[in-house]
Amino acid sequence: MLESAVVAASAGVAAVAGSYAVAGLTPAFVAAPVSDLVVASTPDAVIAWSIQTLGDLGSQLGFLLALALTVALFALTSALGIALAAQFEVPASPVVAVAGVAAALALTGSAASTLAAGASAGIVAGLASVGGGADDAGSPAPGTARRRVLQAVAGAFAVGGAGAVLGSGRGDEIPTPDDGSVSADVESLLGEAEGRSLDVEGIEPLVSEQFYQVDINNVDPTVDREDWTLAVTGAVEEDVEFGYDEIAGMSESVEHRFVTLRCVGEGLNGKKMDTALWTGVPVTDLLDAAGIDASGNCCVMLRAADDYFEEFPLSALQNGFLAFEMNGRRLPRSHGYPVRALIPGHWGEINVKWLTEIEVLEREAKGYWEKRGWHGTGPVNTVAKLHAVNHLDGGEIQVGGHAYAGTRGIRKVEVSTDGGASWSEATLSDPLPAGTGEAGSASGRAESAEDAWRQWEYTYEATAPHEVVVRATDGEGTLQPSEESEAFPSGPTGWVSRRVEP
């Protein structure tokens, strides 16, 4: 009994590993639909707690649960196959393989992933039967059961290791073909951004090197650019649909914009806030083609290929942007390939990735996160983050970070080294430049980027432990509120502080 259970569990591990070997972390992986089910079944209160308390770890634990459930499912089907094989006195390997194929077929429509899962389970079941024997009474020969278990476990380890290596290269971040080259305009703008970045160790440059990723999936969708379309529907004069080449081919409308994104669920001093140079076209070009009476409609719903959806006021979409490149290269799959939305000054949740539909609404509706109690569709809260504390040669202390207030911009950042009793103004990086059209002409939006962060730094002397506090004033002259609040439901607020030892 125990022998069969271990063999079945080993076959389950092998099935999942075999699927990963050919599918990688794509929707064809057998654990992907199980992961979606885990996310959909998790109570909203648990999700909110996990986002605020566990952060990325919560998502990772959820995916580990999905992997465990998937292994259990294939272990169950393998056990059924082993039992049937014993009942009909036939080799277990082909029966287990067929059972694995049936289970994988129920989870994913990928032929390669299905066959790999079934074959891997069958191989391990076959290894467990190699060298078997029985005494005159028909019972397993001494030592046979242990040998079968060890062979099955070894097989699972071998298939699992091979699967991890082979699968890690599947679903590349940058969709191919992509030669890695960037246009002269992009190269010039990225060079300007590099030149305006402050030399502060421990903070990201003005164009982030590691851009955060948050979405509702543990396994991101894989969208075929050739088959992808973006529809404009709802309260419009005429439903219209655009292919990728139509959007990317709007040469007179193509712009490059520096845009910062910030996650509504991050901690006050978290690191889910980053900036990139995005290439795309204004949303209004598509809205005009559909014919929209902005005065008669209230809202818009953006829908994505992964069934994500978010609603917000139509007015926020007027300066919206449809991006198909990031820092001069095609959008990475994890950032919404082939096209994503960028809505100036708003929380990251409405900057929908893998965008497939823009639906104009006549009355309000709730988006994905609003149905779960969040209210992150409004403009971002002003924040000054403190991420770097550097002890310089000569005994001085340098602190630094980023400040962001959406389209309101940042006027100044102030630093207190005595817990808020007195304040000094920090040095700010120059604003990022406004984007340009593809031909190199001015975008006409402003002299500087409309929706981008700024770096700050402050250097001082100290001889005793002290508390550093930072705060920002936005471009409209409004001071960042000092009252602290959690991320749920409308994003975190408060002044960031940190104890510093000289």
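## Charges over rings

In this predicted model, the charged end of R471 sits over the ring of W423, at 3.8 Å from the ring centre. R372 is placed over the face of Y368, with 3.8 Å to the centre of that ring.

## Aromatic pairs

The whole structure holds 11 aromatic pairs. One of them joins F309 and Y368 in an edge-to-face arrangement, with 6.1 Å between the centres and 80° between the planes. F309 belongs to strand β6 (residues 309-313), while Y368 lies in the loop between β10 (355-361) and β11 (383-384), so the pair links distant parts of the chain, 59 residues apart. Both residues, F309 and Y368, are buried.

W374 and F488 have ring centres 4.9 Å apart and planes at 85°, so this pair is edge-to-face. W374 is in the loop between β10 and β11, and F488 is in the loop between β18 (466-474) and β19 (496-500); the pair therefore ties together parts that are 114 residues apart in sequence. W374 counts as buried because its relative accessibility is 2%, under the 20% cut-off. F488, at 32%, is partly exposed.

Ring pairs join Y308, F309, Y368, W369, W374 and F488 into a cluster.

Side chains alternate along strand β12 (residues 388-391).

Strand β13 (residues 396-404) pairs with β12 in the antiparallel sense over four bridges, and V389 stands opposite V399 of β13. Four residues lie between the two strands of this hairpin, where G394 takes a positive phi near 100°.

How values were computed: Residues numbered from 1 in each chain as written. Predicted model: local features only at pLDDT ≥ 70, side-chain atom pairs only at ≥ 80, totals over all residues. Heavy atoms only, no water. Buried < 20%, exposed > 50% of the residue type's maximum accessible area, 1.4 Å probe, protein only. Pairing = 2+ DSSP bridges. Phe/Tyr/Trp six-rings, centres within 6.5 Å; stacked < 30°, edge-to-face > 60°. Lys NZ or Arg CZ within 6 Å of the ring centre and 35° of its normal.
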